[in-house]
Amino acid sequence: MTTPQEILKLIQDQNIQMIDLKFIDTPGIWQHLTVHKDQIDENSFTDGVAFDGSSIRGWKAINESDMSMVLDPDTAWIDPFMQEPTLSLICSIKEPRTGEPYSRCPRVIAQKALDYLVSTGIGDTAYFGPEAEFFIFDDVRFDQTQNAGYYFVDSVEGRWNSGREESPNLGYKPRYKEGYFPVSPTDTSQDIRTEMLLTMAKCGVPIEKHHHEVATGGQCELGFRFGKLIQAADWLMTYKYVIKNVGKKHGKTITFMPKPVFQDNGSGMHTHQSIWKDGQPLFAGDQYAGLSQIALYYIGGILRHAPALLALTNPSTNSYKRLVPGYEAPVNLAYSQGNRSASIRIPLSGTNPKAKRLEFRCPDATCNPYLAFSAMLCAGLDGIKNKIDPGQPLDRNIYELSPEELAKVPSTPGSLELALEALEKDHAFLVEPGVFTEDFIQTWISYKIDNEVNPLRLRPHPYEFALYYDA
């Protein structure tokens with residue numbers, strides 16, 4: 001634990017003039033305010049730094065816009081992308097007039113999820129390990145007007161460029177669905193990924209690995225160690241910040257969109273998770289795949305509430321273009337120790353009970369991680385409290401099942417609208433524990449419908465011209 005006094009001493013000793021205060025909005029994008037060091041004192045870590053919250057998406061109305069950013073001293077790092085030495089700190093949001101944590105702040109919601117875990121007596125620590133995939137593109141262009149709409153992405157690795165005049169074209173382009181683990185020269189992003197990984201380490205993220213991913217066109221993944229719920233969400237936001245800015249430095253553009261390339265694998269965020277109590281893991285046992293009964297009940301909760309969960313873990317319209325059969329996407333609401341087409345997988349962990357965990361494979365990195373992790377924890381705890389049976393594991397190849405057998409396996413919602421409808425019907429497991437408020441759930445649903453679902457539904461799609469122009 002780092003104290004406010006230690007942060008203030010760091011600022012003084014290193015003569016840091018600028019302090020960058022970062023916080024996350026409702027949809028999941030970092031926002032920031034940079035202040036001079038004279039604006040920061042010990043009270044900043046308890047009372048916060050005042051700002052206007054009226055322009056933050058999903059937050060305050062203009063007539064009640066005063067808010068405070070409360071600095072977390074454990075999140076300090078020197079920003080590697082700013083010319084002037086600048087100390088970065090992640091903040092939670094407080095109501096300055098009442099002194100209460102702001103109920104729509106995602107980081108506050110995550111803290112309430114942890115408080116709820118402790119209050120149940122089931123455990124005291126929730127660990128999360130997200131694996132966020134992304135694409136490195138060389139160029140992106142898109143627009144939508146009244147009389148036109150298009151997108152264009154490009155990568156030197158794109159298989160679609162095998163015939164492009166590149167003076168010379170060397171031909172090393174990963175084939176569709178065959179981009180997993182190739183060496184150079186097919187893998188062109190080794191050095192940039194290494195820089196991304198080492199820069200993350202300088203920002204306090206415990207790094208592990210990096211590699212090319214399955215899709216052509218520059219799909220990649222970096223790995224970092226699992227952490228406690230809020231810590232893991234902080235690290236994921238740092239991960240995205242570092243990757244995008246290192247990419248920009250090299251003239252590359254990074255996207256975490258789940259499905260930016262047609263007919264190839266999309267980008268997910270497989271999320272490992274477990275619960276501990278008194279320093280001991282609770283998911284290891286003598287049940288299926290070495291799991292405990294508590295872990296199986298947790299899986300039961302995730303599967304029971306999955307349609308509603310996906311409104312928070314897969315919150316973009318684009319998310320559901322990834323969640324389709326045929327692209328290693330986890331569309332089947334079942335669990336298995338080896339079947340990657342199941343939405344929950346139990347990874348191999350050897351004989352070490354501390355490594356026993358489950359992997360929820362549906363989420364993607366368009367989610368707000370504080371909300372997504374909190375919702376998954378609430379669903380799992382609901383499963384434990386109500387002893388929800390997850391049913392039998394799905395260890396067979398899903399593509400070998402008969403139509404009758406396949407009909408018995410539930411699947412993920414087919415669109416964001418359907419997931420939001422599921423959340424509207426099923427959110428007591430989020431609200432009754434006091435983690436999410438009814439106000440937040442309704443605000444989330446309304447925001448997504450008004451700003452994403454309906455605007456997309458109203459616009460002609462380019463492919464509709466191919467289908468219907470000659471009608």
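**Lys173 and the cysteines**

Lys173 counts as buried because its relative accessibility is 6% (buried means under 20% relative accessible area, exposed over 50%, partly exposed in between, with a 1.4 Å probe and protein chains only). This is a predicted model, in which local features need pLDDT of at least 70, side-chain atom pairs count only at pLDDT 80 or more, and totals for chains, interfaces and linings use all residues. Residues are numbered from 1 along each chain as its sequence is written, and side-chain values use heavy atoms, with hydrogens and water left out.

Start with the location. Lys173 sits in the loop between β9 (149-154) and α3 (190-202). Helices (H or I, at least four residues) and strands (E, at least two) are DSSP runs, numbered from the N terminus.

What is Lys173 in contact with, leaving aside its neighbours within four places in sequence? The list is Val156, Glu157, Gly158, Arg159, Asn161, Ser162 and Glu166. Contact means heavy atoms within 4.5 Å. With Glu166 there is also a polar contact, side chain to side chain, at 3.0 Å. That term covers a pair of N or O atoms within 3.5 Å; within protein, one must be able to donate a hydrogen and the other to accept it, and residues adjacent in sequence count only if both atoms are side-chain atoms.

Now the cysteines. A search of the whole structure finds zero disulfides, a disulfide being a pair of cysteine sulfur atoms within 2.5 Å. For Cys105, the nearest cysteine sulfur is that of Cys91, 9.4 Å away. Cys105 counts as buried, at 2% relative accessibility. Cys203 is also buried, at 4%. Its sulfur is 16 Å from the closest cysteine sulfur, in Cys91, so the distance is too far for a bond.
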